[in-house]
Amino acid sequence: MKRTEPLSISQIVDQLFKSRDMEDSLLRHRALQVWPEVVGPIINRQTVERRLAGDILLLRIASAPMRSELTMHRSSLIKALNDRVGKKVIADIKFI
């Protein structure tokens with residue numbers, strides 16, 4: 001038997017998801033987790049709810065003016081989230 005280096009838990013989880021064709025699902029959930037890093041603390045405080053519907057990120061924003069501003073920057077936010085997770089897994093953002 002060939003001896004290999006030990007794998008970290010995150011590497012094992014990644015391999016498991018890849019083997020079961022669940023990698024995109026995992027990356028979409030990671031996109032939820034990096035939302036605060038992408039938008040910063042002020043916008044994140046106004047984000048009351050984050051959830052996924054397939055490849056669409058649904059965000060409830062408490063402030064109507066901020067929701068309107070974020071809507072205008074939707075495409076750059078999608079790009080930033082996808083860049084952060086390393087793959088195009090978020091196709092659209094809906095502000096609710």
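1. Strand 2 and strand 3 pair in the parallel sense, over four bridges; strands count as paired if DSSP finds at least two bridges between them. Helices (H or I, at least four residues) and strands (E, at least two) are DSSP runs, numbered from the N terminus.

2. Before going on, please note that this is a predicted model, in which local features need pLDDT of at least 70 and side-chain atom pairs count only at pLDDT 80 or more, while totals for chains, interfaces and linings use all residues. Residues are numbered from 1 along each chain as its sequence is written, and side-chain values use heavy atoms, with hydrogens and water left out.

3. Now look at the hairpin. Strand 1 (residues 47-53) and strand 2 (residues 56-61) pair in the antiparallel sense over six bridges, and Leu52 stands opposite Leu57 in strand 2. Two residues lie between these strands, and Gly54 in the turn has a positive phi of about 70 degrees.

4. Taken as a whole, the sheet is open, with three strands in the order 1-2-3 and mixed pairing. Its edge strands are strand 1 and strand 3 (92-95), each pairing on one side only. On average, neighbouring strands are turned by 20 degrees against each other, direction ignored.

5. Helix 2 packs on this sheet and touches strand 1 and strand 2, its direction making about 165 degrees with that of strand 1. Contact here means heavy atoms within 4.5 Å. Axes are lines fitted to C-alpha atoms, for helices over the stretch in contact, and angles run from 0 to 180 degrees between N-to-C directions. Helix 5 (residues 74-85) lies across strand 2 and strand 3, at about 125 degrees to strand 3.

6. How do the two helices meet? The axes of helix 2 and helix 5 come within 9 Å and cross at roughly 115 degrees. Ala, Val, Leu, Ile, Met, Phe, Trp, Tyr, Cys and Pro count as nonpolar, Asp, Glu, Lys and Arg as charged, and the others, Gly among them, as polar.

7. Finally, helix 1 (residues 9-19) and helix 2 (residues 23-39) pack at about 130 degrees, with their axes 7 Å apart. Asp14, Phe17 and Lys18 in helix 1 meet Glu23, Leu26 and Arg30 in helix 2. This contact has two nonpolar, no polar and four charged residues.
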